[in-house]
Amino acid sequence: MIPKGKRWLLFGCVAVFPVLLIMITVFSVPVTALAASVSGKLKVYGGKKLKNIIVFLEPTNKKAADAVKKYKVTQKGRVFDPAVTVVVAGSEVIFINDEEREIDHNIYSLSRTRKFDVGLVSKGSELVVDFPKPGIVKYYCSVHKNMEGTIIVVPSPFYTLLDKPGTFTLENVPEGEWKLNAAVSHRRYSASPVDVAVSGPSVDSVILQISRKRRKRR
Amino acid sequence: MIAGLLALPVAVLADGHGFDPDEPPPEGKGSVYGTVTARPHKDYVKKAKELGSKEDYDDNDPYAGSADGKVVYNDTMVNYDFADVYAILLNPAAKPGKVHEVEAEGDEDQKPRALAVAFGDIIRIKNATSKPLTYFLADINGDSIQEIPLLPPGGSADMTVELVGDLELTTDEDDSLITAVLSREGLQSQRVRSGSTYAFPNMNPGEYDLLFWFWRLGILKRKVTVEAGEHTDVDGVLSVDTVVR
């Protein structure tokens, strides 16, 4: 038996819940509909034929939608596979020693973005490292001289890997203010970020430029 | 540790450029010396020793160990016994201008792999490849760049270091030709084989930053106080487990 005074409270909860559900449904539909595509062209100036360029969007005033995932890097045959892994900030990478013989690895990084030492990874073991902030992380095995890999931590799930300069499209980008940028491995080259405002179904013909860094002293 | 203990054989200290800790320093001066070593991760060393001490240990085992407790290296491994490591002293009184040589010997092959330089030192670059190369020095943690004009095959040129930081010397045309460059103001350095002795004699008394560096393992930092009439002994062990903390 529910006391009389509390019946109204219960009624209130029961009555409000469907209304809230309707409101959430109604208001969430337009948000989904506002997800847009951002497309354009990546141009490289300076004569170099750059490869493996990551084009990505960075939120300018808020945290990007969570898209935290787990990624895997294997080590069979004393090789990190894949050699380059692109992950979203906040994600984890599982380093898996899948060697067929009893070969141990010690994976570590001295990078400012993420410094780590996973200790000894023996055959069959898996060790997890998180990558909370964007940047480029070079890592090595301290045992084997040819084992090195790179993890590129991007600030949002809206990115694409281009094998050469050209056109790109980023899908399902929520509305808001973004900065379009690119990561390149060649130290002589860098991108000039572009502001992108997403408010309609698509943003087209964005030009992103990569050029040779000019002489710049401290 | 102040060294009055220095009954070490002089031969062991031969790497320290003739430095003899049994000899007192010149009037009003002191010195810093010690041993710098690079080694595998401590967990690897421990396991290699355990396996190596087993009677049924197979020499062909991919996990390298040996009965005498030392790590055995094979061709696939980083051989820390042969690592070139740097002992570096940051000394504001040091004068720059030292010449360091770098040579691109062929595709994907440039020597040395690492170089410690002072701001104002000179890097003498030789292009021994068959293609023209545009060399530049880049700050790996920023956008600073300096470059020299296109270097033809067989040509050489000097680059005066104008950047400070953790740098890389590479080329526009081929970024697999690479030398890690550690540049600091007032840097004095000695490159020695792992396990060898370094020495910085004739120092003015005072506090200094002492760095131990192996490009693959990073930097170990120490503060050192030099006292007049004393030899100060500072050893360094470079390993993943001592550098990454």
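Reader: How many helices and strands does chain B have?

Author: Chain B has 2 helices and 17 strands, where helices (H or I, at least four residues) and strands (E, at least two) are DSSP runs numbered from the N terminus. This is a predicted model, in which local features need pLDDT of at least 70 and side-chain atom pairs count only at pLDDT 80 or more, while totals for chains, interfaces and linings use all residues. Residues are numbered from 1 along each chain as its sequence is written, and chains are lettered from A in the order in which they are written.

Reader: Which domains does the assignment give for chain B?

Author: Domain bounds come from an automatic or database domain assignment. For chain B it gives domain 1 (29–54 + 78–94 + 186–245) and domain 2 (97–184), and 25 Å separate the centres of these two domains, taken over C-alpha atoms.

Reader: How many residues does the contact take from domain 1 and from domain 2 of chain B?

Author: Two residues are in contact if their C-beta atoms, placed from the backbone, lie within 7 Å. The contact takes 9 residues from domain 1 of chain B and 8 residues from domain 2 of chain B. On the side of domain 1 that touches domain 2, strand 2 (84–90) and strand 12 (187–193) of chain B give two or more residues each, and the largest share, 3 residues, comes from strand 2.

Reader: Which residues touch the most other members of the largest nonpolar core?

Author: In soluble globular proteins, nonpolar side chains tend to be buried together. A nonpolar core is a set of buried Ala, Val, Leu, Ile, Met, Phe, Trp, Tyr and Cys residues joined through C-beta atoms within 7 Å, and a residue is buried if 20 or more other C-beta atoms, placed from the backbone, lie within 10 Å of its own. Of the 103 residues in the largest such core, A:L57 and B:V85 touch the most other members. Not counting residues up to four places away in sequence, B:V85 touches B:V36, B:A38, B:V192, B:S194, B:F212, B:W213, B:F214 and B:L238. Of the 245 residues of chain B, 38% count as buried.

Reader: How many residues does the contact take from chain B and from chain A?

Author: The contact takes 30 residues from chain B and 29 residues from chain A. On the side of chain B that touches chain A, at least two residues each come from helix 1 (42–52), strand 7 (135–139), strand 8 (145–147), strand 10 (165–171) and helix 2 (240–243) of chain B.

Methods: A residue is buried if 20 or more other C-beta atoms lie within 10 Å of its own, exposed if 12 or fewer, and partly exposed in between; C-beta atoms are placed from the backbone.
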